[in-house]
Amino acid sequence: MIRPKIPVNPLPTGFVTPLVQPTTAVEPHHGPAPVCGCSQTPAPGQSASRVMPAVRLTPAGLVAAVAGGAGLVLVVGAVLVSMLLAVAITGASVAVCAVVLRSLLNGRHHH
């Protein structure tokens, strides 16, 4: 089997040390206590008041979201089908024109 090789940094002393160094100890956070009572602290520059609440949908809101999504799918589907139909009609008309031109040119050579 193929095994991945860990990149190493050969030193002039002959010792080989990996390039990935262990991280240093994390300094304790001296900011305000978390709002939720858990041990996690907000990221630096982020205050507890900026935390966005979870989105809660009422049954009517859920029905509206589902109806909007279904409407969007139907509109996109109609646009794609109409584009496919336009390409098919264009290809058929070009084929008919080619057949007519070929018959006209062949009819001229026979006379």
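This is a short talk on one protein chain and its predicted model.

Some ground rules. Residues are numbered from 1 along each chain as its sequence is written. In this predicted model, local features need pLDDT of at least 70, side-chain atom pairs count only at pLDDT 80 or more, totals for chains, interfaces and linings use all residues, and side-chain values use heavy atoms, with hydrogens and water left out.

From the N terminus, the elements run β-β-α. Helices are DSSP runs of H or I, at least four residues, and strands are runs of E, at least two, numbered from the N terminus.

Now confidence. pLDDT is the predictor's confidence in each residue, from 0 to 100. The chain's mean is 77, and 56% of its residues reach 70 or more.

Helix α1 covers residues 59–110 and holds Met 83.

Finally, burial. Of the 111 residues, 0% count as buried, meaning under 20% relative accessible area with a 1.4 Å probe, protein chains only.

Notes:
Buried < 20%, exposed > 50% of the residue type's maximum accessible area, 1.4 Å probe, protein only.
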